[in-house]
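Keep the viewer open as you read.

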Amino acid sequence: MLGDPTSDRIAGGEFDVVVIGGGVVGCAMARRFTLEGARVLVLEKAADILDGASKGNSAILHTGFDAEPGSLEQHCIQAGYEEYLQIKDELNLPVLESGALVVAWNAVEAEKLGGIVDKARANSVRDVQHLSSAQLQIKEPRLSKKAFAAVEVPREFVIDPWTTPYTYLLQAIENGATVKRNTEVIDAGFAAGLWQIETNRGEITARIIINCAGLYGDLLEQKLLGQSAFEIRPRKGQFLVFDKSASRLIDSIILPVPNAITKGIVVCRTIFGNLLVGPTAEEQQSRDDASVNANTLQALHNKGVEIIPELANHGVTATYAGIRPATEFKDYCIQPYAEKNYISVGGIRSTGLTAALGIASHVFGLYQAMGNSHNQIDNIVVPDVLPLAESLERNWSKPGNGGIICHCELVTRHEIEQALSGPLAANSLAGLKRRTRATMGRCQGFYCSAELSEICARRLQIPLSEPLK
Amino acid sequence: MKSTQCQVAIIGAGPGGLSIATELKKLGVDHVALLERESTAGGIPRHCGHSPFGMREFKRVLSGAEYTRRLAAQAEKAGVEIRLATTVTELGQYGELSLSTRDGRQQLKAERVVICSGAREKPRAARLVSGARPQAVMTTGALQSMIYLKRQRPCKRPVIIGSEMVAFSAFLSCRHAGMKPVAMIEAEPVVSWWRLAALLPRLLGTPVLTNTSLESIEGKDKVRAVMLKRPSGELATIDCDGVIFTGQFIGESTLATMAGFAIDTVTNSPLVDAYGRCSNINYFASGNLRYPLKTAGQCWREGRDMASLVKASLDGKLPDRWVQTNA
């Protein structure tokens with residue numbers, strides 16, 4: 001298949017583990033199991049990885065301060081948080097040490113702050129503290145004066161939502177895992193300890209299936225087990241991204257006092273140097289309708305200005321929407337089925353970016369409890385991924401970058417070429433954007449579309465352009 | 001090794017920047033560096049399909065590409081140091097410019113800097129348009145650079161949003177590239193440019209729909225249709241395979257904004273004083289950055305006047321204090 005050199009035939013015959021779904025959870029899963037010595041195959045039905053729930057989140061590295069104490073979600077968030085900080089330097093992954101403020105905007109909300117502090121402490125996040133309105137003004141002078149009080153959570157950080165899972169999966173591949181994109185599971189049967197999986201591109205044999213299918217997790221489970229222990233209830237979140245100039249307005253992640261359904265609308269800097277406002281929380285039937293709505297975006301804009309009045313003077317760079325795979329349960333739905341050699345990983349919502357590493361370790365524990373063991377691999381290969389974060393040394397500052405193509409985001413020719421090659425080469429414009437940020441800046445392709453269409457000619461599944469006769 | 005100092009640095013080698021640089025040399029400024037992030041000088045006229053250019057400067061009708069080639073040749077002949085593929089990434093307090101080149105990071109210290117970074121159209125995201133976010137949603141700038149610089153076309157049956165002059169330029173570019181726009185859409189009751197201009201697309205089979213707004217964009221990977229709100233208030237879906245957003249030009253002012261210069265929040269341009277100086281008086285703003293949208297010829301003429309002011313500043317003949325005048 002075009003742009004996907006790993007995928008024509010599935011080499012290696014039988015796999016220990018098939019991870020179905022190349023979202024952030026699937027990527028972290030593939031990495032963990034590969035490093036533990038398992039032979040791993042990842043199947044992704046879309047043209048590219050990170051094409052479902054993982055493509056639209058708020059990119060926060062959560063401490064889990066507001067998770068339900070004792071829940072699986074809380075456990076996985078904390079384990080994921082710790083592992084991320086352990087591996088980030090080796091994998092050259094960024095952290096924006098912003099801290100967060102849970103801001104109460106009236107007396108009623110302020111009364112809930114005590115409970116938030118108690119919950120954080122119950123979750124072993126002990127460095128939280130109350131801030132008065134005066135302390136808040138010193139810490140964030142551009143925050144609206146209407147802010148009533150806040151709780152500071154110093155170790156809530158911002159990370160890169162795309163490079164992170166991409167790096168996890170690339171590390172899995174470079175240590176022996178196989179990834180097949182454009183590959184959808186059609187049917188599967190389990191007999192004599194082995195799964196026979198029929199895909200649109202041939203049959204696969206594997207011992208264990210891990211369902212990381214995100215927004216389609218319940219449908220896949222029905223296909224594999226005949227019924228599903230959970231039901232996906234898609235929840236859309238729209239976001240507004242402001243120009244880089246706006247990122248100077250605040251340091252902290254500004255969180256509202258949450259309610260039962262959603263963490264509410266967040267204002268925070270992004271790792272790429274923009275400022276983000278969102279998400280909304282809209283229940284919907286569709287699992288793939290990530291459309292945006294002008295009125296909702298305008299409401300988000302107003303909300304942003306309400307929180308930070310000076311935002312009114314800054315332009316909007318981008319809009320997007322993500323869909324969270326919520327279920328009827330509050331907690332994650334992670335369930336082993338030992339007699340079926342199957343582990344279900346469902347209902348991983350927006351905390352999944354942080355929790356993914358923790359989920360992967362937890363699931364590996366379940367896998368071992370099912371009686372599986374491997375020898376950890378020696379000499380773990382570390383992938384070489386070009387960083388996109390403003391805080392790390394970007395390619396444009398180095399010799400041999402080939403010149404800047406996307407001027408708004410300072411994306412170089414070398415970065416684009418790198419993204420279009422290798423075992424996880426971008427094969428769609430969306431994939432190229434996620435890997436490089438090309439066209440994702442303020443001009444949205446006004447200046448670089450032509451150059452980009454020339455570089456990408458014959459390299460994407462859906463071409464950007466066709467030659468004139 | 002490139003020089004690390006100059007008297008005047010100009011950011012952007014469009015008609016305005018080329019004009020200032022050339023004129024400064026004529027005024028006897030020794031070292032003028034013109035910094036251009038693209039690999040060719042000339043700016044937007046390089047890929048404007050329509051003529052005429054050059055009536056004022058060369059007394060003849062030229063294509064945009066030929067016009068900018070001549071301006072660049074003039075600048076070079078005058079002794080301007082033109083640095084291509086050189087992106088300014090940051091402005092310092094006293095004219096220290098951080099640059100990115102193919103050789104990596106570089107520095108340049110200029111006594112005075114003129115920002116001529118031009119203007120661009122407001123893209124879809126900034127207009128807060130509803131709908132899906134498929135491929136083939138673009139601005140005129142993207143469309144014309146694809147067609148005229150790379151001989152590529154992004155779609156065949158686009159809808160054109162807007163009816164400023166540039167919308168008609170987009171229409172002609174489409175026709176040139178064998179694309180047939182399915183409609184031009186204008187939210188106002190009449191077209192924004194010369195009223196009779198609408199005759200041309202209509203004669204060529206492209207309806208010009210006034211009083212009509214774009215409600216949403218549909219399609220998954222590529223554009224499939226747009227939903228429009230007609231004057232009657234009813235919604236209509238038109239099949240198409242691309243959307244071209246035209247006009248609503250705003251200044252490309254990020255460098256000035258990030259450096260903390262005062263900015264006009266309506267035009268997105270740096271505020272300037274009577275001498276064209278930004279709120280940091282080591283920096284000047286000129287051309288379409290300062291007030292979009294002017295023609296290439298107007299930017300070129302403004303550039304000549306601007307050069308005299310920059311020279312006066314170098315000679316210590318301008319007041320030390322900045323008093324904002326424009327808006």
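Chain B has eight helices and 19 strands, where helices (H or I, at least four residues) and strands (E, at least two) are DSSP runs numbered from the N terminus. The radius of gyration of chain B, taken over C-alpha atoms, is 21 Å, close to the 20 Å that the globule rule gives for 327 residues, so chain B is as compact as a globular protein of that length. That rule is 2.2 Å times the number of residues to the power 0.38. Along the principal axes, the C-alpha atoms of chain B fill a box of roughly 65 × 40 × 40 Å.

Before going further, note that this is a predicted model, in which local features need pLDDT of at least 70 and side-chain atom pairs count only at pLDDT 80 or more, while totals for chains, interfaces and linings use all residues. Residues are numbered from 1 along each chain as its sequence is written, chains are lettered from A and ligands numbered from 1 in the order in which they are written, and side-chain values use heavy atoms, with hydrogens and water left out.

Of the 327 residues in chain B, 58% are buried; buried means under 20% relative accessible area, exposed over 50%, and partly exposed in between (1.4 Å probe, protein chains only). Looking at contacts in chain B with a separation of 6 or more, 62% come from residues 24 or more positions apart, a contact being heavy atoms within 4.5 Å.

Now to the cysteines. Cys174(B) counts as buried, at 0% relative accessibility. For Cys299(B), the closest cysteine sulfur belongs to Cys116(B) and is 8.5 Å away, too far for a bond. Cys299(B) is buried too, with a relative accessible area of 6%.

Over in chain A, there is a helix pair to look at. Two packed helices are described by the angle between their axes and the distance between the axes. Helix H2 (residues 72-87) and helix H8 (residues 352-369) of chain A pack at about 105°, with axes 6 Å apart. Here axes are lines fitted to C-alpha atoms, for helices over the stretch in contact, and angles run from 0 to 180 degrees between N-to-C directions. H2(A) is therefore roughly perpendicular to H8(A), a label for angles of 65 to 115 degrees. Among the residues making the contact are Leu72(A) and Tyr84(A) of H2(A) and Leu357(A) and His362(A) of H8(A).

Finally, some backbone details. Most residues other than glycine have a negative phi, and most peptide bonds are trans. A cis peptide bond joins Gly278(A) and Pro279(A), with omega about 0°, and Pro279(A) lies in the loop between strand E15 (275-278) and strand E16 (282-283) of chain A. Another cis peptide bond, with omega about 10°, joins Pro292(B) and Leu293(B).

Is Asn379(A) buried or exposed? Asn379(A), whose phi is near 50°, is exposed, with a relative accessible area of 72%. Leu128(B) also has a phi near 50°, but Leu128(B) is buried at 10% relative accessible area.

Conventions. Disulfide = S-S within 2.5 Å. Parallel < 35°, antiparallel > 145°, perpendicular 65-115°, else oblique.
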